[in-house]
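Please keep the sequence and structure in view while reading.

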Amino acid sequence: MTAADSTGYFGPYGGQFAPEILMGALAELRAAYDEFKHDPSAQEELDEYLRQYAGRPTPLYHAAQLSRELGADIYLKREDLTHTGAHKINNTLGQALLAVRMGKRRLIAETGAGQHGVATATVAALFKRQCTVYMGREDTERQALNVVRMKLLGAEVRPVDSGSKTLKDATTEAIRDWVTNVADSYYMIGSVIGPAPYPAMVRDFQRVIGLETRAQFARQYGGMPDCLVACVGAGSNSLGLFHPFFDVAGTVKMVGVEAGGLGLASGKHGASLTAGRPGVLHGALSYLLMDGDGQVRTAHSISAGLDYPGVGPEHAYCKDQGLVRYVSATDDEAQAAFQQLTRIEGIIPALESSHALAYLPTLVAEGARGKRIVVCLSGRGDKDVESVARRLGLL
């Protein structure tokens with residue numbers, strides 16, 4: 001099992017590469033979270049919200065028709081069935097309860113595909129907090145439905161026009177806001193990135209995915225799965241699934257699927273672990289996409305949620321330690337998997353999740369035929385229907 005040390009590092013990765021003005025806020029957050037996670041009443045309150053508000057536990061569904069088509073037993077962990085439609089609500093409920101305990105009146109968030117923004121706006125409405133969400137201009141256009149949802153929930157959505165106008169730039173602007181308003185604002189990071197304690201804290205809030213999966217699989221199907229598969233952008237849904245299985249990593253294989261974009265050779269992708277190298281971005285040391293001069297490159301993916309040039313530091317540690325195998329799937333492969341699951345199971349997956357589904361044929365061909373494979377269906381595809389339809393010429 002991996003764990004951040006007292007300075008927030010996973011081996012050589014992680015840390016706190018943050019402006020001096022934020023160091024006090026990070027220390028305050030670490031102390032508040034340490035108290036929160038060891039307080040039984042706080043954990044009971046979170047569990048109650050996860051059950052009664054978010055709709056947990058989510059089902060572990062045997063996709064029989066997809067299984068027959070692929071030649072392996074495929075099980076889908078249905079995070080798409082949570083309130084707001086993705087795993088992001090697990091994290092925002094936890095962080096919102098923490099923000100309330102800390103007396104923070106305003107929530108700040110970044111979002112790419114919009115699901116974290118929607119989940120943040122949702123808990124802001126629930127707990128009567130002001131909310132500002134930063135979103136790259138390009139993402140506001142391809143995820144217009146989620147922009148409307150955030151506004152309906154009462155959030156202010158601030159489009160970001162700098163840089164690539166995507167998730168990296170939205171994160172940068174959110175951090176700038178936090179620096180300016182650190183006294184009364186809580187920065188609700190959406191994934192396992194950022195300065196410590198965020199990577200471990202967000203991972204902890206997402207572990208419910210893997211804890212449920214392990215218990216459900218044993219109860220419903222017996223024993224353990226042979227393999228776990230999840231998409232990896234910054235990496236919260238995948239670590240949420242994988243982490244509770246790290247103690248049996250020699251028995252259960254784990255595969256993280258990054259955004260292969262137009263192909264690794266094209267340079268237009270989001271595969272930081274597959275094709276990147278260590279560097280510092282948004283407060284932590286991890287694998288990044290960089291050019292020869294060490295400048296962060298623009299990532300590309302059909303999926304707004306995977307369109308990020310870095311990855312959480314715990315994933316970097318898992319790569320080096322061989323705990324998880326990291327691969328990639330292209331835009332075209334993800335779109336084909338999106339269509340396949342929709343057509344034969346009647347489930348429309350998010351384009352992020354479609355990357356995990358896209359790798360299944362390769363996994364089966366590599367020796368997983370007849371094996372039992374769990375895929376994290378991290379979100380539903382309502383938000384992606386229009387962009388897929390345009391690619392298919394249906395609009």
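## Helix α4

Helix α4 covers residues 88-102, 15 residues in total. From first C-alpha to last it reaches 21 Å, close to the expected 21 Å (1.5 Å times one less than the number of residues). Helices here are DSSP runs of H or I with at least four residues, strands are E runs of at least two, and both are numbered from the N terminus. Of the 15 residues of α4, 13 are buried, so the helix is largely enclosed by the rest of the structure. Buried means under 20% relative accessible area, exposed over 50%, and partly exposed in between, with a 1.4 Å probe and protein chains only. Just after α4, Gly103 has a positive phi of about 75°.

## Basis of the model

The model is predicted: local features need pLDDT of at least 70, side-chain atom pairs need 80 or more, and totals for chains, interfaces and linings use all residues. Residues are numbered from 1 along each chain as its sequence is written, and side-chain values use heavy atoms, without hydrogens and water.

## Aromatic pairs

The whole structure holds 10 aromatic pairs. Rings of Phe, Tyr and Trp (its six-membered ring) pair if their centres lie within 6.5 Å; planes under 30 degrees apart are stacked, over 60 edge-to-face, the rest tilted. Tyr13 and Tyr287 have ring centres 5.8 Å apart and planes at 35°, so this pair is tilted. Tyr13 sits in strand β2 (residues 13-14) and Tyr287 in strand β12 (residues 284-288), so the pair ties together parts 274 residues apart in sequence. Both tyrosines are buried.

Phe217 and Tyr221 also form a tilted pair, with centres 5.4 Å apart and planes at 55°. Phe217 is buried, at 0% relative accessible area. Tyr221 is partly exposed, at 28%. Elsewhere, ring pairs link Tyr33, Phe36 and Phe205 into a cluster.

## Charges over rings

A charge sits over a ring if NZ of Lys or CZ of Arg is within 6 Å of the ring centre and within 35 degrees of the ring normal. The charged end of Lys319 sits over the ring of Tyr287, 5.6 Å from its centre. Arg214 lies over the face of Phe245, 5.7 Å from the ring centre.
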